[in-house]
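Hi everyone, thanks for coming. Let me put the structure up on the screen, and then we can walk through some of its charged residues together.

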Amino acid sequence: MASLVITKRFSGDYKFELTSRKGKTIFTSNPYELRMDCEADAERLKMLFESCSYVKFKTTKGKFFFRVVVDGVVMATSRKYSTELMVQKGIAEIVKYGSKAEILDFSNNDFTFTD
């Protein structure tokens, strides 16, 4: 099952990533100043995966990627793929599993293991 993972960037902004069933990042959201805005957009996007637009691009180095667009606003950018077929598979995985994705919040960085 896919997961939407909320984390904090080194800059202090928040982001969410959709990770595949195998743990690979499919896309990363735009930065958010407030965690509650990040959480709200993750929830909103989870409901809209089947109806949002996926705009494909090709870099000058021949890599492929896509952007997730909702109501004319870019919400997230995918990782780079080596082929256009892999981009299509990434989008298909979002449509198939995205609405069932679990939201995990790791933005607090409370990963301290005591002795």
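So, where does R79 lie? R79 sits in the loop between β6 and α2 (84-97); helices (H or I, at least four residues) and strands (E, at least two) are DSSP runs, numbered from the N terminus.

A word on what you are looking at: this is a predicted model, where local features need pLDDT of at least 70 and side-chain atom pairs count only at pLDDT 80 or more, while totals for chains, interfaces and linings use all residues. Residues are numbered from 1 along each chain as its sequence is written, and side-chain values use heavy atoms, with hydrogens and water left out.

Now to the salt bridges, meaning a side-chain nitrogen of Lys or Arg within 4 Å of a carboxyl oxygen of Asp or Glu. The whole structure holds six of them.

One joins D105 and R35, with the closest N and O atoms 3.6 Å apart. That pair links distant parts of the chain, 70 residues apart: D105 is in strand β7 (residues 102-105) and R35 in helix α1 (residues 35-48). Together with E39, they are linked in a network of salt bridges.

Also in helix α1, D41 and R44 are three residues apart, about one turn of the helix. Their side chains meet in a salt bridge at 4.0 Å, N to O.

Next, K15 and E17 form a salt bridge at 3.2 Å, N to O. Are they buried or exposed? Both K15 and E17 are buried, where buried means under 20% relative accessible area, exposed over 50%, and partly exposed in between (1.4 Å probe, protein chains only).

Finally, look at D71: this residue has a positive phi of about 50 degrees, although it is not a glycine. D71 is exposed, at 71% relative accessible area.
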